[in-house]
Amino acid sequence: VDTVASDTDHDHEANIALPRVTSTATDIELPRMVTQLTLTRQQTIQKVKEGLTRRQTKMIEVITKAMILCFAAMSTTIAFGIFAFYYTRYERQLFMVYICWSADMCVNCVCLYLNFVFANKIYDKCCMCCHVRCQKMLQYFAALKLVNQHFAEN
C-alpha cells in the first residue's frame, strides 16, 4: 500500500509530449515518452518517478536517511524538554530527569553514529522499513515538482 496521498481531485487528462528537458540550474531530466500520449496526472507523475536519474535517486536516499535520523533525535529531545519542564516545575523525582536526559543523549549519539557510511549495515537493519516508505514519499514529491515545473514552462 502506497502511503502517499493521491491527487484524485486534481486528476485530469493532459495531452503531453515530455521530451528530455534539462535545467542547467538543477540538472533535472524528464524521461522520454512517446509523443502525444494521453495520461492522467498520476500516471505522468509515476512515469517521471520511474525515470529519475541515478544521481537524483541517490540524493533522495541521502535526504531520506538524514531526515529520519534527524526526526528521531529531535523527537526525543523535544519529549525530554517537555518531561524535564514538568518534573522540574513541580519538583518531583529529579532523578527521572537525569535518566531521561541520559537516554536522550544516547539516542542522539546513536543517530549521529548512524549518519556515517560505515554504519550503513546497522542503519539498514534498524531503519529500513521507515526508510523505504519515506523514500517513496520523497520520490513522489520530487516527481510531482518536476511535472509541475514542466507544465508551468509550457
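1. Residues are numbered from 1 along each chain as its sequence is written, and side-chain values use heavy atoms, with hydrogens and water left out.

2. On confidence, the mean pLDDT of the protein chain is 77, with 72% of its residues at 70 or more; pLDDT is the predictor's confidence in each residue, on a scale from 0 to 100. Over residues 1-28 the pLDDT is below 50, although this stretch has 62 contacts in the model beyond near neighbours in sequence. Residues 32-37 also stay under 50, and for them the model has 12 contacts beyond four places in sequence. Where pLDDT is low, the predicted coordinates should not be read in detail.

3. The protein chain has four helices and two strands, which run β-β-α-α-α-α from the N terminus on; helices (H or I, at least four residues) and strands (E, at least two) are DSSP runs, numbered from the N terminus.

4. Buried residues make up 29% of the 154 residues in the protein chain, where buried means under 20% relative accessible area, exposed over 50%, and partly exposed in between (1.4 Å probe, protein chains only). The largest nonpolar core has 10 residues, namely I45, V48, L52, I60, L138, Y140, A143, L144, L146 and V147; such a core is a set of buried Ala, Val, Leu, Ile, Met, Phe, Trp, Tyr and Cys residues joined through side-chain atoms within 4.5 Å. Helices α1 (41-50) and α4 (120-153) each supply at least two residues of this core, and the largest share, six residues, comes from α4. A second, separate core of nine residues includes L114, A119, Y123 and C134.

5. I60, a member of the largest core, lies in helix α2 and counts as buried at 9% relative accessibility. Leaving aside neighbours within four places in sequence, I60 is in contact with L52, Q135, L138, Q139 and A142. I60 and C134 are 74 residues apart in sequence, yet their C-alpha atoms are 9.6 Å apart in space.

6. Two further residues of helix α4 deserve a look, namely H131 and Q135. H131 is buried, with a relative accessible area of 5%, and, not counting residues up to four places away in sequence, H131 touches E61, T64, K65, I68 and Y123. Q135 counts as buried at 13% relative accessibility, and with the same exclusion of residues up to four places away, Q135 touches T57, I60, E61 and T64.

7. The second largest pocket is lined by 13 residues, of which K58, E61, V62, K65 and N120 lie nearest its centre. Helices α2 (54-89) and α4 each supply at least two residues of this lining, which divides into six nonpolar, three polar and four charged residues. Here Ala, Val, Leu, Ile, Met, Phe, Trp, Tyr, Cys and Pro count as nonpolar, Asp, Glu, Lys and Arg as charged, and the others, Gly among them, as polar. On a 1 Å grid over the protein atoms alone, a pocket is an open set of points with protein on both sides within 12 Å along at least five of seven lines, and lining residues have an atom within 4 Å of a point.

Key. Predicted model: local features only at pLDDT ≥ 70, side-chain atom pairs only at ≥ 80, totals over all residues. Contact = heavy atoms within 4.5 Å. 1 Å grid on protein atoms, 1.4 Å probe; cavity = no way out; pocket = protein on both sides within 12 Å on 5 of 7 lines; lining within 4 Å.
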